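Student: I want to learn how to read salt bridges and helix packing in a model. Where do we begin?

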Amino acid sequence: MVAAAASSVFFSFPTPGTSPKPGKFGNWPSSLSVPFNLKSNHNGGFQVKANASAHPKANGSAVSLKAGSLETQEDTSAPSPPPRTFINQLPDWNMLLSAITTVFVAAEKQWTMLDRKSKRSDVLVEPYVQDGVSFRQSFSIRSYEIGADRTASIETLMNIFQETSLNHCKSLGLLNDGFGRTPEMCKRDLIWVVTKMQIEVNRYPTWGDTIEVTTWVSESGKNGMSRDWLISDCHSGEILIRATSVWAMMNQKTRRLSKIPDEVRQEIVPYFVDSAPVIEDDRKLHKLDVKTGDSIRNGLTPRWNDFDVNQHVNNVKYIAWLLKSVPTEVFETQELCGLTLEYRRECRRDSVLESVTAMDPSKEGDRSLYQHLLRLENGADIALGRTEWRPKNAGANGAVSTGKTSNGNSVS
């Protein structure tokens, strides 16, 4: 088909029973084809009858036309040219073959690019919702998403959690405007804000790893929503990270928490999963006394890029601020394997914060515990946190390889 399409560009043959129509140049046909009448002679050959005018000389020979025949007078001053045949009246075969080759090469390049794109590990795998319950999406860890240890940073994981959450809402038709706002939420100027976040890391993915993120939502109390995530290795199925969160509604204009209206509840309840959180840690966070803090980082301020489309400081930024006061020696010898964060107050554009970290004297095996406080310089608490750290490379073994939640129910 490609060869036929290419050849049709250069010449075409009229269908039987048709005559050429006048074109741009008088009586010449509009196409480049020349109609031929082929008759067989007694010698088995063909006589060519050309319905076209010729120049007095063609190919070094004098030409005279008579009715129904074609006669030539040899020019003794020039060598005898080859007889005019059907073949040498066709266009240049080299040009035709070159055009066909160009078409084939272009088609081959297109198919090669499509084939390579489908096999690239850094291309996002098409997300999907299974039975309207859980949402899955795959990611490839890129070079700019890793830290000094060549593993994905905690900020990268938080961004992936947020991305899958929004894509989940979008796939369900609930993403109307802003970050995960349903149509009824938009009518009432309501937005989602996270009030608690818990993360457990068995092993961090490294540069080039392809991971699969599974997320779902469930009810949390009367006026809250819980969202859970599982991050697994796409090749081995090993569960790398678990995370759970609690969300509440806030009025975007008054910046105060709000109850979930019945109209909004009707939009989201059909997608709730009856499942316990993947992390069940009821340990309460105690407020840290600034005077007992081991490390303090002052003068932290939000930048314009720290705000999301709801004019709310992104929850990922709070974690980055908390870790600002962690001593460098901790990052050099240990890795973060557990985090609990409770949000107490919203940060504004003109806020100036300080981050406080203190080591918890209690230990759990070889793990170190730290308490954190993020507050305004005037003393108002923004967030409380607790982190767990383990010696580096301790999470390479013993990672969970099951896709079940903490209560034994499969999420997929």
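Tutor: Begin with the term. A salt bridge is a side-chain nitrogen of Lys or Arg within 4 Å of a carboxyl oxygen of Asp or Glu. This is a predicted model: local features need pLDDT of at least 70, side-chain atom pairs count only at pLDDT 80 or more, and totals for chains, interfaces and linings use all residues. Residues are numbered from 1 along each chain as its sequence is written, and side-chain values use heavy atoms, with hydrogens and water left out.

Student: How many salt bridges does a search of the whole structure find?

Tutor: The search finds 20. Take Asp-233 and Arg-203: their side chains meet at 3.8 Å, N to O. Asp-233 sits in strand S10 (residues 224-233), and Arg-203 in the loop between strand S8 (190-201) and strand S9 (210-220). The two are 30 residues apart, so the pair links distant parts of the chain. Strands here are DSSP runs of E, at least two residues; helices are runs of H or I, at least four; both are numbered from the N terminus.

Student: Is Asp-233 buried or exposed?

Tutor: Buried means under 20% relative accessible area, exposed over 50%, partly exposed in between (1.4 Å probe, protein chains only). Asp-233 has 12%, so Asp-233 is buried.

Student: Which residue forms a salt bridge with Glu-388?

Tutor: Arg-283, with the closest N and O atoms 2.8 Å apart. Glu-388 lies in strand S17 (residues 381-391), Arg-283 in the loop between helix H5 (262-268) and strand S13 (295-300), 105 residues apart. Glu-388 is buried at 9%. Arg-283 is partly exposed at 32%.

Student: And what about Asp-306 and Lys-317?

Tutor: They form a salt bridge, closest N and O atoms 3.9 Å apart. Asp-306 is in the loop between S13 and H6, Lys-317 in helix H6. Asp-306 is buried at 6%, and Lys-317 counts as buried at 18%. Elsewhere, shared partners join Asp-281, Arg-283, Arg-367, Arg-386 and Glu-388 into one network.

Student: How are two packed helices described?

Tutor: By the angle between their axes and the distance between the axes. Axes are lines fitted to C-alpha atoms, for helices over the stretch in contact, and angles run from 0 to 180 degrees between N-to-C directions. The axes of H3 (residues 154-171) and H6 (residues 315-323) come within 9 Å and cross at roughly 165°. That makes H3 roughly antiparallel to H6 (over 145 degrees; under 35 is roughly parallel, 65 to 115 roughly perpendicular, the rest oblique).
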